[in-house]
Amino acid sequence: MKILLIDPPFYRFIGYYNRYFPLGLAYLAAVLRNEGHGVLIYDADCNVNPSKMDFISLEDSYPHYLKSVIDKTHPIWQDAKKVIADFNPDVVGITVWTTFAASSFTLASLCKDYNKNLPVIMGGPHISIKYDEVMKICPDVDFLVRGEGEGTIAELIKAIDKNQRDFKNINGISYRQKGVIIHNPPAKFIADLDNVPFPARDLLLNKASYNSEDMGLLMTSRGCPYACSYCATSIWERKVRYRSIDNVIAEIKHVIHQYDTRQFTFKDDSFTVNRKRVMEFCDKLIKEKIKISWDCNTRVNLVDEELLLNMKKAGCNSIKVGIETGSERILGLINKKISLEDCRRAAKLFKKAGIHWTGYFMMGLPSETQEEMYQTLQFMKELDPDFASFSVYEPFPGTELFNIGIEKGLVQEERSLEDFYTISPKYYYVKDMNRRVDTLSNEEFGKIENDIKREFHKFNRKPTKIFKRVKSRSRSYISSPVMVWDDFRKFLSWF
């Protein structure tokens, strides 16, 4: 069968940079190709002429997005129509993220406009949580793949290919049968991740649109053992499954050979959760003289001096950690399982190791006071990260804070199809856009938000911060000079 896998447009509508390739779809594509199918990955959000990089101001562009996403004559939708027609697929698969849901629903509609009998499958984070809602509000979707999709999609495509009408034995899917919505039992997780083929980067449409760094996106594990109340990783059941170190090294070598990549990004939820494994991984990179640079996400309570020094020696040039707040009370509310002292200790360790680090901060959590919001700003300045990322809390389905928001009257539990096209993505599940928190008026909250954003802007634009960013990537610049120009363009867009 000919299968078209689509990542929906979002940042492209509003002119923002969108790095990397759709990793999840590339995994599915690899599995389906091994089953003998012809597969094309269409990253409809790949923006070849981006102009914006300041993600702190992202929400200012949301009104333009809503205006564009409903206009099927928009050039981006015309491009999507052409890709669909040119490939003439037998099946289409579409990723759904909560923020991008309107785009996914429009893509499904475009597919049905092209061929009303074309099977449309949806999967992704939003589907794994809000599958019943999506089946109720989106008439253009035929099947949903919930949770980990590689095994499920292979079974489903095989059934569609054989024109089966009975799907009751395929775990992990939702569908309609004689007008009745059916949710089959969840599928089991893949026991051995080494059995999953490497992501099929070569099946991407317009591969020339990606640079070598974009192709360096990897995941060495799946899942997170922590239970932060703002995060929906509960779909992984608080378990971590690991690929073998040899399997990860083999993919790194493959990407170096195919795309000359020297800067990699490991997107594991908490890369250093298994300290022994990370030490062994770094030792292997060093022993085999694999000279790459790489960055990762982790937690402030999962680093120590010996580990960081070994990571740096193995090429780690950037680490991102969630600090979230300067309030011990809020840390408890979000079940972060860290303390402010943990953050202070980690900040000192990052600086001592000489690794560029980013701290993630947020505001606008339920019950958060004005004083606590400004505590976060002051704590950011105290920690002095090399880059400080800031966002306003958004209630995402599947999180504990989402349920708390419902109890406090701040969150709308379900949405209609029209809601996704008329409400700003920032407020998709906010019950009242004029009441984002329960401690302040919307006007007061807006003033504090703008004030703190300005301070984060000023902090990040200090010459010393920019120099540290450039210095951390110098090794990559030497091995891949084109990255200098790419980063310079992003720098101009950010300013």
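This is a predicted model: local features need pLDDT of at least 70, side-chain atom pairs count only at pLDDT 80 or more; totals for chains, interfaces and linings use all residues.
Local features required pLDDT of at least 70 and side-chain atom pairs pLDDT 80 or more, whereas totals for chains, interfaces and linings use all residues. Residues are numbered from 1 along each chain as its sequence is written, and side-chain values use heavy atoms, without hydrogens and water.

Seven strands make up an open sheet of mixed pairing, ordered E2-E1-E3-E4-E5-E6-E7 (strands are DSSP runs of E of at least two residues, and helices runs of H or I of at least four, numbered from the N terminus; two strands pair if DSSP finds at least two bridges between them). Strands E2 (38-43) and E7 (180-183) each have a single partner strand and stand at the edges, so one side of each lacks a neighbour in the sheet. E6 (residues 173-177) runs antiparallel to E7, to which four bridges join it; Arg-176 stands opposite Ile-181 in E7. Helix H5 (residues 125-137) packs on the sheet and touches E4, E5 (143-145), E6 and E7 (contact: heavy atoms within 4.5 Å).

A search of the whole structure finds 23 aromatic pairs (ring centres of Phe, Tyr and Trp, the last by its six-membered ring, within 6.5 Å; planes under 30 degrees apart are stacked, over 60 edge-to-face, the rest tilted). The rings of Phe-143 and Tyr-175 form a tilted pair, with centres 6.5 Å apart and planes at 40 degrees. This pair links strand E5, which holds Phe-143, to strand E6, which holds Tyr-175, 32 residues apart. Phe-143 is buried at 9% relative accessible area, and Tyr-175 is buried at 2% (buried: under 20%; exposed: over 50%; partly exposed: in between; 1.4 Å probe, protein chains only).

Notes:
Axes are lines fitted to C-alpha atoms, for helices over the stretch in contact, and angles run from 0 to 180 degrees between N-to-C directions.
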